[in-house]
Amino acid sequence: MDPRWGAPHRLVVIDGPTTHAAWDIPFGDTTVGRDSPAGLVTDGSVSRRHILVTRHGDRVVLRDLGSTNGTWVNDDRLRDQARPLFPGDTVQLGHVRLRYDTPAPQQPQPTRFGDVHGPVNTGSGNQYVAGRDQHVAGRDLHIGDRITHTNDYDASDEMFQGKGFGRFLMIVGMLLALGGFALVGYFFMIAFGSSIDDPVGQNPMAAELVPGVPILPVGAGAFLLGGILAGIGSGMSKAARKREERRGGA
């Protein structure tokens, strides 16, 4: 069945005392004139029983009822014949002009990402769909519907995905930080009586990496410096990778 069947078909006043007034055309026969339907046309040039409007489904036919000042459809005057109306037709009753409007035919809606059902491969990320909710992991998917987005990107990924000198600096910084962490850990093992030989007896602060170089300050400094270098390198690496991706997508 046509989806417009049963939907509003109407006459809208576009020129006259009641401009913008609209009347939904019912099924069957209806007499239209100065007195009916109430409020549609009130101009004295319109007869009390001016036209007969007949609707069957989405088909509307108009007939003049011997009006005093006549009826026109698209500038063609009606005599005794019935005239079917089509969307956009203008109807003139005396000095009043109306337009026949119908609902626009429904167009097939394009499939949107939010209407997908079932698991979908989204490239570098993964998508899990339950009803209309989407749970996405990854950073390369951009959609407009309601989603729950989990970004699984980690700064340490730049060690494997990064570009340029920043990647090298990040690796050096992480190795330096790991070395510093190991030295600090060794210091605490000495301080709390580890089974590791303690060359300085009961004074862990005197433990030295090499003669004259205490373990704790060197370890802590290496850990801090390594973290700073790794952070700077990660930012440089990410920026270089982004520039390369933009050039590749251009």
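## Getting started

A residue counts as buried when its relative accessible area is under 20%, as exposed when that value is over 50%, and as partly exposed in between (1.4 Å probe, protein chains only). Welcome to this structure, which is a predicted model: local features need pLDDT of at least 70 and side-chain atom pairs count only at pLDDT 80 or more, while totals for chains, interfaces and linings use all residues. Residues are numbered from 1 along each chain as its sequence is written, and side-chain values use heavy atoms, leaving out hydrogens and water.

## Salt bridges

Let us begin with the charged pairs. The whole structure holds 4 salt bridges, each a side-chain nitrogen of Lys or Arg within 4 Å of a carboxyl oxygen of Asp or Glu. One of them joins Arg-10 to Asp-24, with 3.0 Å from N to O. This pair links distant parts of the chain, since Arg-10 belongs to strand S1 and Asp-24 to strand S2, 14 residues apart. (Strands are DSSP runs of E with at least two residues, helices are runs of H or I with at least four, and both are numbered from the N terminus.) Arg-10 has a relative accessible area of 31%, so it is partly exposed; Asp-24, at 40%, is partly exposed too.

Arg-83 meets Asp-76 with its closest N and O atoms 4.0 Å apart. Arg-83 has a relative accessible area of 21%, and Asp-76 one of 41%. Another bridge connects Arg-99 and Asp-101, where the closest N and O atoms are 2.9 Å apart. Here the relative accessibility is 30% for Arg-99 and 22% for Asp-101.

## Strands side by side

Next, have a look at the open sheet of 4 strands, whose order is S3-S4-S5-S8 with antiparallel pairing. Two strands pair if DSSP finds at least two bridges between them. At the edges are S3 (28–32) and S8 (83–84), each of which pairs on one side only. Strand S4 (residues 51–56) and strand S5 (residues 59–64) run antiparallel and are joined by 6 bridges. His-56 stands opposite Arg-59 in S5.

Thr-18 sits in the loop between strand S1 (10–15) and strand S2 (22–24). Its relative accessibility is 17%, so Thr-18 counts as buried. Setting aside residues up to four places away in sequence, Thr-18 touches Val-13, Gly-39, Leu-40, Val-41 and Thr-42, where contact means heavy atoms within 4.5 Å. A polar atom of the Thr-18 side chain lies 2.5 Å from the backbone oxygen of Leu-40.

Gln-92 is part of strand S9 (residues 90–93) and is partly exposed, at 24% relative accessible area. Beyond its neighbours within four places in sequence, Gln-92 contacts Gly-70, Thr-71, Trp-72 and Arg-97. Gln-92 and Thr-71 are 21 residues apart along the chain, yet 5.6 Å separates their C-alpha atoms. The side chain of Gln-92 also has a polar atom 2.9 Å from the backbone oxygen of Gly-94.

## A nonpolar patch

Finally, turn to the surface, where Phe-165, Phe-168, Val-172, Leu-224, Ile-228, Ile-232 and Met-236 form a nonpolar patch with about 670 Å² of accessible area together. Helix H2 (165–191) and helix H3 (215–249) each give two or more residues to the patch, and H3 provides the largest share, 4 residues. Patch residues have over 30% relative accessible area and no salt bridge; nonpolar side chains (Val, Leu, Ile, Met, Phe, Trp, Tyr) are joined within 5 Å, and like charges within 9 Å. The areas come from the Shrake-Rupley method with a 1.4 Å probe; for residues, only the protein chains shown count as cover. Val-172 is found in H2 and is partly exposed, with a relative accessible area of 33%.

How values were computed
A polar contact is a pair of N or O atoms within 3.5 Å; within protein, one must be able to donate a hydrogen and the other to accept it, and residues adjacent in sequence count only if both atoms are side-chain atoms.
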